[in-house]
Amino acid sequence: MEIKRENYTVKISEPILYVDNKSRKRSGHMTHALAEWAPGKLIDFNSNCTAEKYGGHSTFGWVEYRLSDDGGETYSEIHELPYSKKSLYDGIYVISVEKAVACDDGRIVAICLRNDADSLCQPWDTPMTVTSFDGGKTWTEEKELCSYKGRVYDALYHDGIIYILEFCNDGTGCFCGESEEHVYRIFTSHDNGGTFNELCIVPIPSLGRGYGSMLFDAEGKLHVYAYNKDNEQYIDHIVSTDCGASWKEAEVCYVKHGLRNPQVAQIDNIYIAHGRSAALTGFVLYTSEDGQTWDEGTFIADEKGSCYYSNNIVLKDTDGKNRMLIQYSEKYGRDDCVNVKHVWLTIEKNI
């Protein structure tokens, strides 16, 4: 698939089946964390969840991951995240890993959501972290990231600092904001995940908001985006030029088909945003040259239903060129049970 714009062309590969849940009669929502812990060395998470509860749209199960030594071309056998198996057996929480970061010293920090074991995925308790110092072979014991209950929607590693975006709403009601206490907070770690401290409350509207994404652009500016369930064609956008110490006024971005669970990143100075459409009719991708004004959107998959949780990471190909790996869940025909797929995205500048 090609998306042609005036100054650039986006090329997207054919989908690649990464996790075949249909064959093993399982499902796999939410867990799509990706991190490159050394050049070409990738850890890629997925969930192994029941196909019976909530039509397969559930976090009841455990977390798996595979390792790649060639930048995402081939993968190891499946590994299980010990903390997630322990939690499942304890029966109070089940674990999701929507985000992970890799630090300069090679350690991998996985951010773990604690979902209520008896519900679809919420309410949430306080988030936890586990760390691997050996490329995913072994993991530390879990520890609490912060004292606020809620869902971590994004995590970045920038200039030696981990940035965590949490929507501090325990989800006992709607997952979107329902009171003034439900706010987006950023936490930082200056010791590669050893400790975390609150950096700020992001001054972005939070009532009716949910999900979230953040990125550092090529100029070092920090962007945060949020979904608005009451007006799905407009997502909130706010920018900081000093790594979250202060913020500009929040704006809204028009996204023609909506953008639930937005995932936003930048590759070769082009902004990419992808997520579920407003009507749950497909997986939509937008492009932008400034992170504020987006194109009309392109559906890169069109299965209807509660799927298309996703994530991305920018890697290098064998020629040293940038390419983006996008991972997403897609229905395989039964209720809301999903497989996990990959596509590769590249940018070509038009002459």
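Modeller: Start with strand β4 (residues 34-38), which is joined to β5 by four bridges. The two run antiparallel. Keep in mind that this is a predicted model.

Colleague: Which residue stands opposite Ala 35 in β5?
Modeller: That's Ile 43.

Colleague: And how many residues sit between β4 and β5 in the hairpin?
Modeller: Two. Look at Gly 40 in the turn: its phi is positive, about 80°.

Colleague: What about β5 itself, how many of its residues are buried?
Modeller: Eight of nine, so the strand is mostly covered; buried here means under 20% relative accessible area. It spans residues 41-49.

Colleague: How many bridges join β5 to β6?
Modeller: Eight, and this pair is antiparallel too. Strand β6 covers residues 61-68. One of the partners to look at is Trp 62 in β6, which is bridged with Asn 48.

Colleague: New topic. What's the strand order in the open sheet of four strands?
Modeller: β16-β17-β18-β19, with antiparallel pairing.

Colleague: Why is one side of β16 and of β19 left without a neighbour?
Modeller: Because β16 (209-216) and β19 (251-254) are at the edges, and each has a single partner strand.

Colleague: What's the average twist there?
Modeller: It comes to 30° from one strand to the next.

Colleague: And how many bridges hold β16 to β17?
Modeller: Six, with the strands antiparallel. β17 is residues 222-228. Find Gly 210 and look across: Tyr 227 in β17 stands opposite.

Definitions and conventions. Residues numbered from 1 in each chain as written. Predicted model: local features only at pLDDT ≥ 70, side-chain atom pairs only at ≥ 80, totals over all residues. Heavy atoms only, no water. Pairing = 2+ DSSP bridges. Axes fitted to C-alpha atoms, helices over the stretch in contact; angles between N-to-C directions. Buried < 20%, exposed > 50% of the residue type's maximum accessible area, 1.4 Å probe, protein only.
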